[in-house]
Amino acid sequence: MMCGGTRLLNLLPSDPHERARSMFWADFIDKKESLTGWRDLVEDIERNKHETVIWYLIAPWAVRAQHIFHFFISTTSFCKDRYAIKISTLHYQEHSHSERREKTICDSVLLLFTTTMADEVALAPEHFAGSPFGVRVRIALAEKRVNYEYCDENSRDYSALLLEMNPVCKKRPILFHNGKAVCDSLIIVQYVDEAWMGNAPLLPSDPYQRAQSRFWADFIDKKVYEITRKIWTTKGEELEGAKKDFIECLKLLEGELGDKRYYGGEKLGYVDVAFVPFYCWFYAYEKCGNFNIEKECPKIIAWAKRCMQKESVSKSLEDPKKVYEYVLERRKTLRVD
């Protein structure tokens, strides 16, 4: 894109897999500060030649932690060879590889419109089928009508592949698409939405609405998950505090839902996919916390029941009784009871 003779910089790559990797590392930069983790990031940049949003996210950290910045400059030949980074100005420099970037964008657009059922898609699931993070991915794939296979978690090849594809978090779920891996459940859902963009869009097209959807999904990850975990792993005053915080979160989510059928409007959307997997845990929360969610937040329960009418949701969520059995076993392991 040109404006007054100047090329505008696109921070996120056009290719869905590269966008997912950028979002994964951006999330990592937000949450992780250890030097060991930063080495993993440097190695990933070196391998994949990241050229956009990651550098803008790294630079503020370099100001705060000069040893990290010097680590980048001293160890990353790609950084030394390709970029002139000035901490004071953070100017982006144009390089001779712009033609290659334009070719990559053209190739990725072709890829988006030529994706077929012949794609090789596999999902490395989490240990417990009721985990809300794995359920998110299954719902997204079902909404998009994408056929996929499960990786055999007991195979030696799977273990090696897991470490290779997700060396930072070493967590599942991981989506494999035509030999490329995507990590982190919310990023996977965004990737699925973009890679199979012709069917059942999950994120809105309007930039502001997309940002709002990402905000609430992030809220669910950072607030709801941490609070609900305390409901079944604590007791006494800590449990009572967690129950109170959980209800407050649900009321905020009720306010965001408003009078809409779904968070996505008339159709299931990104926030719905992020949040509804927790519904199969509500029974366990109520049993462990001795409270009634529907009494406190009836609109949330009504919304969840509407979601359950969709086959993509009902077939992806675990039986609430099985979730409760899992919770009881975990409570014994954690010596909560």
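Against which helices do the buried residues of α15 pack? Before I answer, a word on what is shown above. This is a predicted model, in which local features need pLDDT of at least 70, side-chain atom pairs count only at pLDDT 80 or more, and totals for chains, interfaces and linings use all residues. Residues are numbered from 1 along each chain as its sequence is written, and side-chain values use heavy atoms, with hydrogens and water left out.

The answer is that the buried residues of α15 pack against α11, α12 (270–275), α13, α14 and α16. Helices here are DSSP runs of H or I with at least four residues, strands are runs of E with at least two, and both are numbered from the N terminus. Buried means under 20% relative accessible area, exposed means over 50%, and partly exposed lies in between, with a 1.4 Å probe and protein chains only. The buried residues of α15 are Ile-300, Ile-301, Trp-303, Ala-304, Arg-306 and Cys-307.

Let us now take the protein as a whole. It has 17 helices and 6 strands. Of its 337 residues, 47% are buried. Among contacts with a separation of 6 or more, 71% join residues 24 or more positions apart.

I return to Trp-303, one of the buried residues of α15. Trp-303 also belongs to the largest nonpolar core, which has 79 residues. Such a core is a set of buried Ala, Val, Leu, Ile, Met, Phe, Trp, Tyr and Cys residues joined through side-chain atoms within 4.5 Å. The residues with the most contacts inside this core are Phe-246, Leu-253, Phe-275 and Trp-303. Apart from neighbours within four places in sequence, Trp-303 is in contact with Leu-257, Arg-261, Tyr-262, Tyr-263, Asp-272, Phe-275 and Val-276.

The next element is helix α13, residues 282–289. Its buried residues are Phe-282, Ala-284, Tyr-285, Cys-288 and Gly-289. Seen down the axis of α13, these residues fall within an arc of 160°, so they line one face of the helix. The arc is that of the directions from the helix axis to the C-beta atoms. The partners against which they pack are α10, α11 (237–257), α14 (293–296), α15 (298–308) and α17 (320–334).

After α13 comes Asn-290, in the loop between α13 and α14. Asn-290 counts as exposed, at 69% relative accessibility. A second case is Arg-145, which is not a glycine and has a positive phi of about 55°. Arg-145 is found in the loop between α7 (132–143) and β4 (149–150), and is exposed, with a relative accessible area of 62%.

How are two packed helices described? They are described by the angle between their axes and the distance between the axes. Consider helix α9 (residues 185–195) and helix α10 (residues 207–233), whose axes come within 11 Å and cross at roughly 150°. That makes α9 roughly antiparallel to α10. The axes are lines fitted to C-alpha atoms, for helices over the stretch in contact, and angles run from 0 to 180 degrees between N-to-C directions. Angles under 35 degrees count as roughly parallel, over 145 as roughly antiparallel, 65 to 115 as roughly perpendicular and the rest as oblique. On the α9 side the contact involves Leu-186, Gln-190 and Glu-194, and on the α10 side Arg-210, Arg-214, Ala-217, Asp-218 and Asp-221. These residues divide into 2 nonpolar, 1 polar and 5 charged. Here Ala, Val, Leu, Ile, Met, Phe, Trp, Tyr, Cys and Pro count as nonpolar, Asp, Glu, Lys and Arg as charged, and the others, Gly among them, as polar.

Finally, I turn to residues that meet across the sequence. Ile-139, in helix α7, is buried at 0% relative accessibility. Ile-139 and Lys-315 are 176 residues apart in sequence, and their C-alpha atoms are 8.4 Å apart in space. Beyond four places in sequence, the contacts of Ile-139 include Ser-312, Val-313, Ser-316 and Leu-317. Ser-312 itself lies in helix α16 (residues 311–314) and is buried, with a relative accessible area of 10%. Gly-130 sits in the loop between β3 (121–124) and α7, and is buried at 0%.

Conventions: Contact = heavy atoms within 4.5 Å.
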